[in-house]
Number of protein chains: 2
Amino acid sequence: MSAGVRSAGEFEEARLAWVYLSRVVQGPCAPLSALIASVGVREAARAVREYELPEALRGPVAARRESDSAAADLEMMERLGGRVITPDDAEWPEWRMLGLNQLDTERDRDGAVPLVLWARGPLSLQTASERAVAVVGSRCSSGYGAQVANEISADLAGRGWTIVSGAAFGIDAAAHRAALAVGGATVAVLACGVDRPYPAQHDRLIAAIAETGLVLSEYPPGTTAQKHRFLARNRLIATLGDGVLVVEAGSRSGARNTVKWARRLGRPAMACPGPVGSAASVGCHRMIREGEALLVTRAEDVIDEAGPLRLPLGDNPTDPAAHLRGAEAEVYAALPAIGSRLPRDLALQSGLDLPTVRAILPALELAELVGCDADGWFRITTRRST
Amino acid sequence: MSAGVRSAGEFEEARLAWVYLSRVVQGPCAPLSALIASVGVREAARAVREYELPEALRGPVAARRESDSAAADLEMMERLGGRVITPDDAEWPEWRMLGLNQLDTERDRDGAVPLVLWARGPLSLQTASERAVAVVGSRCSSGYGAQVANEISADLAGRGWTIVSGAAFGIDAAAHRAALAVGGATVAVLACGVDRPYPAQHDRLIAAIAETGLVLSEYPPGTTAQKHRFLARNRLIATLGDGVLVVEAGSRSGARNTVKWARRLGRPAMACPGPVGSAASVGCHRMIREGEALLVTRAEDVIDEAGPLRLPLGDNPTDPAAHLRGAEAEVYAALPAIGSRLPRDLALQSGLDLPTVRAILPALELAELVGCDADGWFRITTRRST
């Protein structure tokens, strides 16, 4: 979404436009994202202000379009020691958002890319999300679950992986605390404004995360936590990691929603087993049994799934894709030698289904075999010397 | 392997031949099974006695072919309150042995059908193996594992499922005891003669099983337990059930061998999860993770996997196979309208791989859509009135 060379004034104007729009729609808004993609953020902000909008956008902006507190919001964030991360900022993890960009927002109504991320904490979002795993699970975790979340998260964080979670009771808190305890990186994604920790009993935990890590929200300061916001928040947790690990989940746990997002985004979904009689593991067992999540028991398993493809180098230096097998090879073969192709067309070309194609592309990207631009996915043809 | 109408004298002669041959080869012997299939058991016994044998059979029979204790063995079994079950007996579960019959014994060297089964206990083997699940696992089970084995086995046995296991320490014993405790049916398959309980500390358990259930071995009385016999024994455990459940398995548990047999025989393999840190669950977690076994947590899950296909009746009364989908439909379609076909040819015809075809046929058989005779598998065309 970069808009070419801009002057400092234009950049500032764009920032105010992002912040204004974020407060107007409060959360993901696919029609607004579409408008911004088509006319740019400043023109989109003007159109919202003047209500010159397609029908689909009139409803979402009607309530708050007339008040613009962008400048005040930016000042307030500065007072809080925070910032607003927009798609124009260097730390915006554009490659992480690709999965969201490719979702069919007609079907996944909350699947839009966030407009901005309100942030507190010294960590760069770009760096934090480079090697990251979401660790989530039941709020009513057992002692067993808390211990497993703690051990795996500490191990991952100690190896340089960022632990992304939601700062909730139970597994989330255990995962954040384990990362903090080993001096690792951790990111809390909230379903409310970053100025009002939720749950309130976790104000110290969230403050501790903001001290060394990152507390994020797509909702402007003052927004309260509400049910639909937790669901939209879960998509960001899944978006920011290389995979989602559920440590414990009861039969109706929200963790299953995060796993659903992971699968839509082509991220591996993993779950820990537990004692068969434990109500806190029922959801994990069901996801494993039904093939929705892969059984993992330790950090190594998680890295095996979420880590970059291991490339056997030197096999065939003239063809970097020579080691690919099965569906990966088929997706790669479906890419044109020159130019880009959309996942939908790759699915048609390869005969694979769309979710499979979407799951494979990010893995090929991590292996530096393919890249992505506005027109779709393309082969990376620069030969690396080996 | 029935040999048409026989006189009582011929029947007795055949029985003595089976028992003689069982003691000569002591365990599975594919070349001998092939000879029996080709010339009949009495002629095979004569050929072994007179050493008129193909090269492959000379070695296996050389050591013991000159002593014939068949009559004494039968007398001894009677004194023990036991019996010898031969393929000529009504309680021989011929349909259970089909899987073994179809194995490629070149590859699966111990994959032959047992010559006879030495038995103690009042239960008919035919009845016992009608609805049966093998419950096996680590000898060094945890308290957790013993409890899970106990709960699931008691539940299954209480619903009329026979619990088949190996009478070993740990999970095996817990499974047998649970079945006994609810007055259910249980079968212990030993890797030694049925006259010498192994392990010796389980003499009371094995005696209790022989009182209401069945203690089986393909090894003649006096045979001691040896490593290769446990592996061959595991194939019988897998053969006699509709599926194999592993409750706990360490990283090098023999239970994995039983699972391997289950998969070769087309039986579902299942495993219980446990705490991630438990060494006694490492093998189960690995089998689930690698897709070798399906995660199950309770008797209902086991029945879902091992139970007969549920037929939605009345959908299309003129075509009993109308409800089949996917690979099942393809295998059924590959069967000729009249006549039989071997699994190998069904694989060629359907384009499915051989293990898949082998896994599907028993399910179709349970659904009474196909049957099997010496020439292979055929469609059951008798219309059932619905």
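**Group meeting: a walk through chain A**

Let's start in the sheet: strand E6 of chain A, residues 214-217, runs antiparallel to E2(A), and three bridges join the two. Within that pair, Ala119(A) sits opposite Leu216(A) of E6(A). Please keep in mind that what we have on screen is a predicted model.

Now let's step back to the whole sheet. Nine strands of chain A make it up, in the order E1-E2-E6-E5-E4-E3-E7-E8-E9; the sheet is open, and its pairing is mixed. At the edges we find E1 and strand E9 (294-295) of chain A, each of which pairs on one side only.

Next, the domains. Chain A is divided into domain 1 (8-115), domain 2 (119-306) and domain 3 (326-379). Taken over C-alpha atoms, the centres of domain 1 and domain 2 of chain A are 26 Å apart. Where they touch, 25 residues of domain 1 of chain A are in contact with 23 residues of domain 2 of chain A. On the domain 1 side, the elements that give two or more residues are H1, H5, E1 and helix H6 (94-102) of chain A. H6(A) gives the most to that side, with four residues. If you like to think in residue classes, this side of domain 1 of chain A has 11 nonpolar, seven polar and seven charged residues.

H5 of chain A deserves a stop of its own.

Just after H5(A), have a look at Gly81(A), which takes a positive phi of about 75°.

Last stop, a hairpin. E10(A) and E11(A) form it, with two residues between them. Strand E10 covers residues 370-373 of chain A and strand E11 residues 376-379; they run antiparallel, joined by four bridges. One pairing to find on your screen: the bridge partner of Cys372(A) is Trp377(A) in E11(A).

Key: Residues numbered from 1 in each chain as written. Chains lettered and ligands numbered in written order. Predicted model: local features only at pLDDT ≥ 70, side-chain atom pairs only at ≥ 80, totals over all residues. Pairing = 2+ DSSP bridges. Domains from an automatic or database assignment. Contact = placed C-beta atoms within 7 Å. Nonpolar A, V, L, I, M, F, W, Y, C, P; charged D, E, K, R; others polar.
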